Amino acid sequence: MSNILTQNWLISRRHFLRGVGATVALPLLDCMIPARARAAVATKPRRSVFIYIPNGVNVLTWQITKAGRDFAFSGPMASLEKHRAHVTPISGLHHPGGIGGGHIVDKMWLTAARVKNEGGPFRNTVSADQLMAEANAPHTRFASLELSVGRGNNSLAWSRDGVPLPAEDSPKVVFDRLFGIEKGGIAQQRRRLQSDRGVLDSVLDDARSLKKRVGTDDRTKLDEYFEAVRSVEVRTERADTWLDVPKPKVEPADAARVGRNVPKSEAGDYYRTMYDLMVLALRTDMTRVATFMSGTEAQGLALPEIGVPQTRHELSHHNGDPVQMGRLTSADTFLVEQFSYFLDQLHATRDGDAPLLDRTMVLFGSGMSYGHSHGNANLPLVLAGGSALGLKHGQHIDYNLPKLGGAYEITAAKHYSTCSRPLDDNARMTNLLLTMLQMMEINAEKFADSLGPVSELV
């Protein structure tokens with residue numbers, strides 16, 4: 001019975017038929033496919049993309065002041081007008097456990113981990129994108145794609161043991177990884193993976209031996225460590241299997257446009273190249289889950305091409321200076337325009353008989369609202385795409401207005417107060433993440449501190 005539940009009886013594609021001096025890999029058989037994956041083979045892909053902007057926005061110019069369908073986009077969001085039928089701006093959401101999180105809110109944007117864990121230091125949990133990646137991993141070469149303006153741990157994606165998945169900031173490096181020839185050829189790649197497996201086996205053997213000699217608390221920590229090593233082992237096995245599957249061929253024009261080094265000083269070109277890269281990865285089904293951190297709370301690109309020489313962090317701490325606030329609005333507008341470009345490409349790319357956007361959800365936003373005081377209620381969020389997955393768009397969902405008596409005060413102080421203290425405790429960003437998880441057909445009734453899906457979207 002336990003083998004049936006765990007599916008340990010599955011045959012791996014790494015089994016071979018040997019004889020007469022030849023080694024032939026078995027074809028993909030039903031008994032090699034987990035039951036959940038087999039049920040999904042005939043279904044069309046469901047995809048999700050998460051795009052983060054750091055340090056909030058200029059809330060005085062960003063905020064849409066009317067709810068429902070008869071709303072007007074604010075100035076910074078004007079470029080989304082052409083996508084009105086495919087987007088939903090959302091106001092008033094927050095992470096209850098993240099109030100006062102300061103510069104770590106980017107790390108918890110997709111996890112909702114609490115700032116303090118039982119009085120101790122911040123400890124992250126699994127991010128929503130990685131739950132989606134786990135479910136889609138059997139179908140794609142890469143379970144997920146992590147992009148950022150800063151390499152390494154500057155990532156939105158966090159594993160089940162609260163470890164950040166490393167992100168890449170070079171479009172050329174990512175393109176080569178997705179579509180290029182394996183460095184050293186397939187044989188060398190396989191030798192490297194086999195060596196990695198040997199190291200993992202040795203590490204696990206040492207850890208199991210140590211577990212017998214430590215106390216209960218340490219055994220719990222070691223169990224968590226086993227889980228982390230096991231996840232690396234699974235990814236290694238998956239990478240080995242995909243070595244035998246040819247990568248999709250990319251048109252020379254696409255390769256020339258996307259597979260190049262782009263300096264971050266040319267921010268518009270850099271962002272658009274990153275977005276083109278994600279479209280290409282989704283279109284070729286190399287992955288179905290992607291995250292892009294367009295800046296961390298301490299690192300956001302300056303935009304000299306539009307007359308904004310400061311980093312986003314510098315802009316956010318404007319202290320009410322009208323020049324700085326005007327530049328922050330210009331930067332907000334610029335970032336939304338790049339996001340709108342991404343939606344343009346998703347809508348223009350065919351996915352069978354429909355636009356790629358219809359089967360791709362895209363969440364764009366920040367873990368702060370008012371960066372000057374690190375206010376992180378009333379998060380600036382826009383959800384786009386996914387109409388073929390069941391999402392309904394074309395309205396502004398606002399959880400603030402009922403608590404404000406139906407109208408925003410025109411004074412800056414009143415606007416800022418909605419960004420520092422949530423007006424509706426039940427308006428949680430995890431409700432939105434839960435909705436997206438369910439649209440990805442993840443069997444989840446709750447995510448972190450969620451209370452239920454966003455009914456206005458489904």
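Reader: How many cavities of 30 Å³ or more does the structure hold?

Author: This is a predicted model. With 30 Å³ or more as the cut-off, the number of cavities in the structure is four.

Reader: Which residues lie nearest the centre of the largest cavity?

Author: The largest cavity holds about 80 Å³ of space. Its lining is made up of 14 residues, and helix 10 (312–316) and helix 11 (322–348) each supply at least two of the lining residues. Those nearest the centre are Gly 300, Leu 301, Leu 303, Arg 312 and Leu 335.

Reader: How do the residues lining the largest cavity divide by class?

Author: Arg counts as charged and Gly as polar in this scheme. The lining of the largest cavity divides into nine nonpolar, four polar and one charged.

Reader: How many charged residues are in the lining of the second largest cavity?

Author: The second largest cavity has about 70 Å³ of space. Among the residues that line it are Val 57, Trp 62, Gln 63, Ile 90, Ser 91 and Asn 378; helix 3 (59–62) and strand 4 each supply at least two. By class, the lining has six nonpolar and four polar residues, and the number of charged ones is none.

Reader: Which residue of strand 13 is the bridge partner of Ile 90?

Author: Ile 90 also lines the second largest cavity. Strand 4 (residues 87–91) and strand 13 run parallel and are joined by two bridges. In strand 13, the partner of Ile 90 is Ile 397.

Reader: What are the edge strands of the open sheet of seven strands?

Author: The strand order is 5-6-3-11-12-4-13, with mixed pairing. An edge strand here pairs on one side only, and this holds for strand 5 (145–148) and strand 13 (397–398).

Reader: What angle does the direction of helix 13 make with that of strand 11?

Author: Helix 13 (residues 429–439) packs on the sheet. It touches strand 3 (47–52), strand 4, strand 11 (360–365) and strand 12 (381–385). The angle with strand 11 is about 165 degrees.

Reader: How far apart in sequence are the parts tied together by the pair of Tyr 52 and Trp 109?

Author: A search of the whole structure finds ten aromatic pairs. One of them joins Tyr 52 and Trp 109 edge-to-face, at 5.1 Å centre to centre and with 75 degrees between the planes. Tyr 52 lies in strand 3 and Trp 109 in the loop between strand 4 and helix 4 (128–136), so the parts tied together are apart in sequence by 57 residues.

Notes
Residues numbered from 1 in each chain as written. Predicted model: local features only at pLDDT ≥ 70, side-chain atom pairs only at ≥ 80, totals over all residues. Heavy atoms only, no water. Pairing = 2+ DSSP bridges. Helix = DSSP H or I, 4+ residues; strand = E, 2+ residues; numbered from the N terminus. Contact = heavy atoms within 4.5 Å. Axes fitted to C-alpha atoms, helices over the stretch in contact; angles between N-to-C directions. 1 Å grid on protein atoms, 1.4 Å probe; cavity = no way out; pocket = protein on both sides within 12 Å on 5 of 7 lines; lining within 4 Å. Points joined across faces, edges and corners; volume = space filled by probe spheres on them. Phe/Tyr/Trp six-rings, centres within 6.5 Å; stacked < 30°, edge-to-face > 60°.
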